[in-house]
Amino acid sequence: MATYPTKRLRRLRYNPVIRDMVRETQLSKDDLIYPLFVVPGSGIKKEVRSMPNVYQMSIDVLVEECKEVEQMGIPAVILFGIPEHKDELGSEAYDPNGIIQKAVRAIKKEVKNLLVITDVCMCEYTSHGHCGILNGEKILNDETVELLAKEALTHAQAGADIVAPSDMMDGRVAAIRKILDEHGFIEVPILSYAVKYASGFYGPFRDAAESAPAFGDRRSHQMDVANALEALREAESDIEEGADIIMVKPAGPYLDIIWRVKEKFGMPTAAYQVSGEYAMIKAAAKLGWIDEERVMMESLTAIKRAGADMILTYFAKDVAKILDKQI
């Protein structure tokens, strides 16, 4: 094997064209999924305090946003709903006329080539802000799974292309697959939040989705941040239950988990660059401490390099503009 001075690894770095030709990981617009937040009302576009350039939007504004996203070449959005009323059972989550169900119908009517993914969870819809039905302060797994399955079905009936359970209840993927198949939605895939950590990086999302828990936290169902082998067990369980795509969340602090999951299972793998990751880049850039565009692209390239086939990111529109300039 050649060694220095015969081997000079810098030869392939001197020229920008050569660097592009030998680049191993390429970001594409096809990798992107854009998260959107929908609220009741009309004419509403309210910026999220902790997430610059991220907005809560009423359905009419959301539809126009989706038209722009489609025109930019971003293939998919994922919807999070903030209901008009919340209750202990999160009843608007599985109401056929709930906020997400209405939004999906409106988007599918006006925007023909955009993939619409729906988040399936209870936390935005419950008065207590937890991801399921409570007995005291304990989340009831099986009772919650029954309602999550109903929620997923109403999303599919409204026209959702993919349903994405994010609750981390045991058995919910199997329950959702069963109810979808029984009602003829055998072609609707499940994108499972298979590996979702009890992370401190979710804070700004709770501003956007108005879903902070009224008490306690979510460590009884979301994963311990210290665990890696458990992540493989969680992913394997969801795959066995019928998940078509598996997701790791957050992304940046868990690149090793993305890598392990992709290497072990070879499944289509998504990663969510979450609100805290986005907000930190935005805040540091605002203070002049980092180059926002460069760090944004570096962080997303790292997520793809780790093995992600698709990335949920609030930077999707910014990335699409940059990629257009590179053509």
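1. Basis of the note. The structure is a predicted model, in which local features need pLDDT of at least 70, side-chain atom pairs count only at pLDDT 80 or more, and totals for chains, interfaces and linings use all residues. Residues are numbered from 1 along each chain as its sequence is written, and side-chain values use heavy atoms, with hydrogens and water left out.

2. Overall form. The protein chain contains eleven helices and twelve strands; helices (H or I, at least four residues) and strands (E, at least two) are DSSP runs, numbered from the N terminus. Along the principal axes, the C-alpha atoms fill a box of roughly 70 × 45 × 40 Å. The radius of gyration of the chain is 20 Å, which agrees with the value near 20 Å for a compact globule of 327 residues. That radius is taken over C-alpha atoms, and the globule rule is 2.2 Å times the number of residues to the power 0.38. Of the 327 residues, 52% are buried. Here buried means under 20% relative accessible area, exposed means over 50%, and partly exposed lies in between (1.4 Å probe, protein chains only).

3. Cis peptide bonds. Most peptide bonds are trans. Tyr4 and Pro5, however, are joined by a cis peptide bond with omega about 10°, and Pro5 belongs to the segment before helix 1. A further cis bond runs from Lys249 to Pro250, with omega near -5°. Pro250 sits in the loop between strand 10 (245-249) and helix 8 (255-265).

4. Positive phi angles. Most residues other than glycine have a negative phi. Asn53 has a positive phi near 70°; Asn53 is placed in strand 3 (residues 51-58). With 43% relative accessibility, Asn53 counts as partly exposed. Met168 likewise is not a glycine and has a positive phi of about 70°. Met168 is found in the loop between strand 8 (162-165) and helix 5 (172-182), and Met168 is buried at a relative accessible area of 4%.

5. Surface patches. Arg8, Arg10, Arg11 and Arg13 gather in a patch of positive charge on the surface. Among them, Arg10 is located in the segment before helix 1 (16-22). A nonpolar surface patch is formed by Leu12, Val17, Met21 and Val22, with about 410 Å² of accessible area together. Val22 lies in helix 1 and is partly exposed, at a relative accessible area of 41%. Patches are made of residues with over 30% relative accessible area and no salt bridge, where like charges are joined within 9 Å and nonpolar side chains (Val, Leu, Ile, Met, Phe, Trp, Tyr) within 5 Å. Lys and Arg count as positive and Asp and Glu as negative, while His and the chain ends are not counted. The accessible areas come from the Shrake-Rupley method with a 1.4 Å probe.

6. The salt bridge of Lys29 and Asp324. The structure holds 15 salt bridges, each being a side-chain nitrogen of Lys or Arg within 4 Å of a carboxyl oxygen of Asp or Glu. One of them joins the side chains of Lys29 and Asp324 at 2.7 Å, N to O. Lys29 is in the loop between helix 1 and strand 1 (32-39) and Asp324 is in helix 11 (residues 316-326), so the pair ties together parts that are 295 residues apart in sequence. Lys29 counts as buried at 19% relative accessibility, and Asp324 is partly exposed at 36%.

7. Other salt bridges. Asp161 and Lys108 meet through their side chains in a salt bridge of 2.7 Å, N to O. This pair links distant parts of the chain, with Asp161 in the loop between helix 4 (141-158) and strand 8 and Lys108 in helix 3 (residues 99-110), 53 residues apart. Asp161 is partly exposed, with a relative accessible area of 23%; Lys108 is partly exposed, with a relative accessible area of 23%. The side chains of Lys282 and Glu292 form a salt bridge of 2.9 Å, N to O. Lys282 is in helix 9 (residues 275-286) and Glu292 in helix 10 (residues 292-306), ten residues apart. Lys282 counts as buried at 10% relative accessibility, whereas Glu292 counts as partly exposed at 25%.

Methods: The place of a charge is taken as NZ of Lys, CZ of Arg, CG of Asp or CD of Glu.
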